[in-house]
Amino acid sequence: MKKIILAIAFVVVTVSATFAQNFAYVNSEYILKHIPEYASAQKQLDDLSQKWQQDVDQQYAEIEKLYKAYQNDQVLLNEDMRRRREDEIVKKEKDVKDYQKQKFGFEGELFKQREKLVQPIQQRVSKAIQDLAQAQSLDIILDRGQEVTFLYANPKLDKSNDVIIKLGLKPNPALAN
């Protein structure tokens, strides 16, 4: 008798837990493709990154020239002159690495620019997702973007277009790819 009551209780708890939570998912990449400011911000970031990378490449080319000149002149230089030239090359390499870190490193200028340009857009999307979750009584919304892998997802649970509409934009299925 206890086993039957225990089994019934287990089934009731399992069934109620299954129906207690409502799930949905969104594709943040798809949503962001619909926001013109996001594309503009990405272009600005790409342009900055490309400019800084050209500066880095140019500085490395200068270091390469110095190194080749040093190799050609090495036999003609005394010990003190050789050491000064080597120190100059090493210092320039360090300076370039510091520049790279300043521009591209964690907490670097590119990171700060990305935070400045993209974070307000991400906050708008996040707010729209939260509003949608509350309006549709959803308990959990997952992101189907690059990092989460779904082996199967029911298209009825995809709320990406609802978020796009909530942001005041028109969904474009062509951007899904």
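**Notebook: aromatic pairs, helices, salt bridges**

I looked up Tyr 67 and found it partly exposed, at 37% relative accessibility. I use buried for under 20% relative accessible area, exposed for over 50% and partly exposed for values in between, with a 1.4 Å probe and protein chains only. The model is predicted, so I note that local features need pLDDT of at least 70 and side-chain atom pairs pLDDT 80 or more, while totals for chains, interfaces and linings use all residues. Residues are numbered from 1 along each chain as its sequence is written, and side-chain values use heavy atoms, with hydrogens and water left out.

**Entry: aromatic pairs**

I took rings of Phe, Tyr and Trp (its six-membered ring) as a pair if their centres lie within 6.5 Å, and called planes under 30 degrees apart stacked, over 60 edge-to-face and the rest tilted. The count by this rule is 3 aromatic pairs. One of them joins Tyr 67 and Tyr 70, with ring centres 6.5 Å apart and planes at 35 degrees, so I logged the pair as tilted. The two tyrosines, Tyr 67 and Tyr 70, are 3 residues apart in helix α3, which means about one helical turn between them. Tyr 70 is buried at 5% relative accessible area.

I then went to Phe 106 and Phe 111, whose ring centres are 5.1 Å apart and whose planes meet at 50 degrees, so this pair is tilted. Phe 106 is exposed, with 68% relative accessible area, and Phe 111 is partly exposed, with 27%.

**Entry: overall layout**

I counted helices and strands as DSSP runs (H or I, at least four residues, for helices; E, at least two, for strands), numbered from the N terminus. The protein has 6 helices and 2 strands, in the order α-β-α-α-α-α-β-α along the sequence. Of the 177 residues, 21% are buried.

For contacts I used heavy atoms within 4.5 Å. Among contacts between residues at least 6 apart in sequence, 80% join residues at least 24 apart. I noted an accessible surface of about 13,000 Å², 55% of which belongs to carbon and sulfur atoms. Areas come from the Shrake-Rupley method with a 1.4 Å probe, and for residues only the protein chains shown count as cover.

**Entry: helix α3**

α3 has 38 residues and runs 56 Å from first C-alpha to last, close to the 56 Å expected. Its buried residues are Ala 41, Leu 45, Trp 52, Val 56, Ile 63 and Tyr 70. These buried residues of α3 pack against α4 and α5.

**Entry: helix α5**

Where does α5 kink? I found a kink of about 40 degrees at Val 118, shortly before Pro 120; the bend is the angle between axes fitted to the seven residues ending at a position and the seven starting there.

The buried residues of α5 include Val 118, Ile 121, Val 125 and Ile 129. I listed the elements that the buried residues of α5 pack against: β1, α2, α3, α4, β2 and α6. After α5 comes Ser 137, with a positive phi near 55 degrees.

**Entry: Lys 103**

Is Lys 103 buried or exposed? I found Lys 103 buried, at 10% relative accessibility. Lys 103 sits in helix α4. Leaving out residues up to four places away in sequence, Lys 103 touches Trp 52, Gly 108, Glu 109 and Leu 110.

**Entry: salt bridges**

I counted a salt bridge where a side-chain nitrogen of Lys or Arg lies within 4 Å of a carboxyl oxygen of Asp or Glu. The structure holds 11 of them. In one, Arg 124 meets Glu 37, with the closest N and O atoms 2.7 Å apart. That pair links distant parts of the chain, Arg 124 in α5 and Glu 37 in α3, 87 residues apart. Arg 124 is partly exposed at 36%, as is Glu 37 at 38%.

Within α4, I noted Asp 95 and Lys 91, which lie 4 residues apart, about one turn of the helix. The closest N and O atoms of Asp 95 and Lys 91 are 2.9 Å apart, and Asp 95 is partly exposed at 35%. Asp 98 and Lys 94 also form a salt bridge, 2.9 Å from N to O; they too are 4 residues apart in α4, about one helical turn. Asp 98 is partly exposed at 38%. Last, I recorded a network of salt bridges linking Glu 79, Arg 82 and Arg 83.

Technical notes:
Expected span 1.5 Å × (residues − 1).
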